[in-house]
Amino acid sequence: MGGPASITVQVPSARRDVATASLVQVQQTLEALEARYSRYLADSVVSQINARAGREEFTEVDEECRALLALADTLWRDSDGLFDPTVGVLNRVWDFQTGHLVNLPALEALQHQVGWDSVEITQEGVYLTVAGSEMDLGGLVKEYAADTVAQSLKEQGIESALVALAGDVVAVGSQADGRPWRVGISDPINPNESVFSLEMVDMAVCTSGSYARRFEYEGKLVSHLLNPHTGYPVDGPVSVSVIADTALIAGAVATVACLHDHHKAPLWLNRSGLPWLILDAQGHGVGPIHDKLNMPT
Amino acid sequence: MAVTKPSSDAMRLSGSSPLVRRLKQSVALLPAYAATATADAPPTYTEMGLRYSRYSEDSLADNQRLFGASDRYDINITQLWLEAPVGDNWSIAIDVQNDYQTGASPWFVGVQRDGQPGIIMSGASIQDNRVEVGVTTRYFWADGNAGLNITHSDEDDYEALSWSADMAWNSDDNARTWSASVSQSNDTVQPTQEKIPVFIDREDIDTQSAYFGVSQILSRTAIFRVGLSYTYSDGYLTDPYKLRDKRPSDHSRWAFTTGYRKHLVDMGATVQADYRFYSDDWGMDSHTLTLGWSQPLGRHTLKPYVRYYSQRAADFFDPVADFTADYYADDYRLSAFGALTVGLNLQVQLGDWVAEAQVERYRSNNNWGLYEGDAAPALVDFWRGTIGLTWRFE
């Protein structure tokens, strides 16, 4: 999944074996999801879809994959195309270390390979109609993995657990002693420190952002996220946190917020009706969560 | 360091914005999200639509007609509707329909020289315009929804004001939904005397109805439903434009309905079957069986369907009415007959727009029915075509 993973399970001493068995299953679940959806593994369904781009060959997909593709489709439509799982090919023309566009003509050529509307999804399966195009469901799968792990733990009778996959955190119940789980949101200036904490019971919080991967472009620090319409970096929020009852919804909303510019990101977040927080590069915040906490601006 | 509390306003998870509801619908079938799927919620978009239909009855054959025009009814129907979410728990819908009707209708049935019944038509073509406006408001909660509708319909010779209330509620596992509704309509008929005489000035009709039904999700790909309705009308139920027509002043009807939907995963299609049995205290029974196939074509959908209908005649129906009886009617709609409808519906998704086209052919014949009975000479055949455009936005 490309990031740190932490699963905390609290059970009475007599049920330690249940906790151990559940964690083994969690590992198997994560490995299975990675095997199915990682574009770095040749046998994954995503890699198979990408390998057949432009060859008029459909790749069969199961109901789980169809549901994730349906979510991607909804996000693409509702974000006016800003969320686009086919945008990844454009990363080839940017050097994120130096902040340079490597090859402008290459960017223009690759633009033709970007576009979710060129993806055909039928009862036969999935087909990328443009040769050279690629899709990447990594962002959605990571959040889906967090929810799937949480669901798996509940099905095994675990009532107190905290699932943290990089910036996506799901709280199962409260802690065993009844106290809420306490989750920290990273300070963009000092990512190893938290700028504030959430007390969580049966909810998820996802943080999307580029504070660790920003670079200087034309005198401004911009995100590594690229606008699919232009191929250029998005001048958007440094860090967005969203709270929802599932990581998939929280993460999807947070991710799309980061694809908007500074002015439109709050509008998108308000449309969701979910609690949210935007942090700038100096750790200053805006949003309903910030307002409620009377955090410094 | 600032700390939020789970119970604080900032942490209150509404999750019911149209955007979030759309996202949840996308993944509702996955086990990890079944519990968070909102069983009942306002629409996720605002929808506005415009639809035009043309209904055209076949002309009468010369050997069926004794006198009068051969052209029957043509009706042009224009519908405009709007449905929108209001806040987190409400929706509102407005429907406006305009029918413009021209043509002639059977006035009465006489006897031709060869002894066969022949139709005397109503003479020159009538022109009638009807406008109907309905407003529905609906409230949604986690386990169900309830709606209230008020509709007013007005034309030259008929006015109707009706209201209805309905409710649907879901079981805890969302696998079963119970539905119930009641309605009341107060109508006034004031026939216009033009080419044919009429014998009433103004009369009233009151109708009440109730419905109760259950739908059950049988599996992830199949759903089944049953329902029962009762309708009672009293007032002037005779057709004022038919010379030989006298009907009871009350009318009780029952209808049993059932339906089945099955999604065929391998084909990506859905098969639909619906059946209705009707019975009333005028002696009429009917059966309706509809079979349909919904086939996705990329983002579009094609739906062919076929419908079979069979009706038993009303007790007081005769092809040539016996007006010495207490009640009598030669109206073909009360005769024994069978009918077959074949139709095709196409929906084309164009971004935020959906274009729709439908064509339907209806043929009826006394010999196609399941019940014995004398044939009415004026059984109708018709074509119906529809085009529509729907726009959804947030």
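Which elements do the buried residues of helix 1 of chain B pack against? The views below start there; keep in mind that this is a predicted model.

**View 1. Helix 1 of chain B and its packing partners.** Helix 1 of chain B runs over residues 18-26 and is mostly covered, with 7 of its 9 residues buried. Those buried residues are B:P18, B:L19, B:V20, B:R21, B:L23, B:K24 and B:S26. From chain A, they pack against helix 3 (63-78), helix 6 (247-259) and helix 7 (265-272).

**View 2. The largest nonpolar core.** This core holds 95 residues, and the ones touching the most other members are A:L68, A:V163, A:V242, A:A250 and A:V253. Helix 6 of chain A gives the most to this core, putting in 11 residues. There's also a second, separate core of 25 residues, with B:F317, B:A329, B:A376 and B:A378 among them.

**View 3. Zooming in on A:A250.** Leaving out residues up to four places away in sequence, A:A250 touches A:A204, A:V205 and A:C206, then A:V242, A:I243 and A:A244, plus A:L274.

View 4. Buried residues account for 46% of the 297 in chain A. Take the contacts in chain A between residues at least 6 apart in sequence: 58% of them join residues at least 24 apart.

Key:
Residues are numbered from 1 along each chain as its sequence is written. Chains are lettered from A and ligands numbered from 1 in the order in which they are written. This is a predicted model: local features need pLDDT of at least 70, side-chain atom pairs count only at pLDDT 80 or more; totals for chains, interfaces and linings use all residues. A residue is buried if 20 or more other C-beta atoms lie within 10 Å of its own, exposed if 12 or fewer, and partly exposed in between; C-beta atoms are placed from the backbone. Two residues are in contact if their C-beta atoms, placed from the backbone, lie within 7 Å. Helices (H or I, at least four residues) and strands (E, at least two) are DSSP runs, numbered from the N terminus. A nonpolar core is a set of buried Ala, Val, Leu, Ile, Met, Phe, Trp, Tyr and Cys residues joined through C-beta atoms within 7 Å.
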